[in-house]
Amino acid sequence: MTTVTAPPLATDVSAALRRLYFVRFGFAVVWAGLLFVTASDLGPVSVTLLVMYPLFDVAAAVVDSRASKATGPVRGLYANIAISSLAGIGLAVAATSGIPATLRVWGIWAIVSGLVQLAVGVGRRKLGGQWAMIASGSISTLAGASFYLQASAEDASLSSLGGYAILGGIFFLVSALRLGRTTKGI
């Protein structure tokens with residue numbers, strides 16, 4: 001068996017991403033659980049949760065960009081910071097108009113941020129553990145279109161957003177575990 005050891009810089013970035021991905025997994029699971037409990041209407045708690053999710057994405061992208069800056073361009077992460085910041089504002093405004101408007105904004109955000117995540121994952125293939133991020137970006141794009149279309153339904157609901165968050169969290173967990181193998185040189 002041949003052991004391949006990643007260069008120290010790549011190992012540092014992989015370890016930082018691994019920690020971040022574990023945090024993102026935990027956040028997504030807790031967030032989804034809270035949303036499932038409050039998703040029946042747009043009350044103060046559910047609106048706070050809806051706005052918090054893209055703002056957490058902003059914070060995660062900032063951490064990611066700082067950790068990854070030495071390995072190459074982080075333009076995709078900067079784009080994600082801008083997109084998710086706008087989504088947080090958009091969700092706060094849309095929530096005043098009801099669940100359909102909120103689903104439309106969430107859907108647009110999921111489409112655009114999914115495309116960015118896909119591009120970032122493809123660009124990081126050599127770090128390892130990125131196939132899950134590539135799949136997650138692709139699924140986010142499709143899910144976003146679904147949320148946008150769901151907004152037109154008579155029974156439009158926020159509960160599907162919780163499932164979306166859990167699935168995204170699982171992809172982060174898978175990437176974290178795969179990156180663990182990379183940092184150990186397996």
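Cut-off first: I call a residue buried under 20% relative accessible area, exposed over 50%, and partly exposed in between. I also keep in mind that this is a predicted model.

**Entry 1: I108.** Buried, exposed or in between? I looked up I108 and got a relative accessible area of 46%, so it is partly exposed. I108 sits in helix α4.

**Entry 2: the patch.** Which residues make the nonpolar surface patch with I108? I found V112, Y148 and L149 alongside I108, and the patch comes to about 380 Å². Helices α4 and α5 (131–150) each put in at least two of the patch residues. I picked out Y148, which is in helix α5. Its relative accessible area is 38%, so Y148 is partly exposed.

**Entry 3: aromatic pairs.** Next I searched the whole structure for aromatic pairs and got ten. I wrote up two of them.

The pair Y21 and F172 came up with ring centres 5.2 Å apart and planes at 55°, so I logged it as tilted. Y21 belongs to helix α1 (residues 8–38) and F172 to helix α6 (residues 159–183), so this pair links distant parts of the chain, 151 residues apart. I looked up burial as well, and both Y21 and F172 are buried.

Then Y53 and W109. Their ring centres are 5.9 Å apart with the planes at 80°, so I put this pair down as edge-to-face; the cut-off for that label is over 60 degrees. Which parts does the pair tie together? Y53 is in helix α2 (residues 44–68) and W109 in helix α4 (residues 99–123), so the tied parts are 56 residues apart in sequence. I have Y53 and W109 down as buried too.

I also noted one aromatic cluster made of F27, W31, Y53, F56, W106, W109, F147 and Y164.

**Entry 4: a loop residue.** Last stop was E154, in the loop between α5 and α6. How exposed is E154? I get a relative accessible area of 87%, so E154 goes down as exposed. For spacing I took E154 and P100, which are 54 residues apart in sequence and 9.2 Å apart in space, C-alpha to C-alpha.

Technical notes
Residues are numbered from 1 along each chain as its sequence is written. This is a predicted model: local features need pLDDT of at least 70, side-chain atom pairs count only at pLDDT 80 or more; totals for chains, interfaces and linings use all residues. Side-chain values use heavy atoms; hydrogens and water are left out. Rings of Phe, Tyr and Trp (its six-membered ring) pair if their centres lie within 6.5 Å; planes under 30 degrees apart count as stacked, over 60 as edge-to-face and the rest as tilted. Helices (H or I, at least four residues) and strands (E, at least two) are DSSP runs, numbered from the N terminus. Buried means under 20% relative accessible area, exposed over 50%, partly exposed in between (1.4 Å probe, protein chains only). Patches are made of residues with over 30% relative accessible area and no salt bridge: like charges are joined within 9 Å, nonpolar side chains (Val, Leu, Ile, Met, Phe, Trp, Tyr) within 5 Å. Accessible areas come from the Shrake-Rupley method with a 1.4 Å probe; for residues, only the protein chains shown count as cover. A salt bridge is a side-chain nitrogen of Lys or Arg within 4 Å of a carboxyl oxygen of Asp or Glu.
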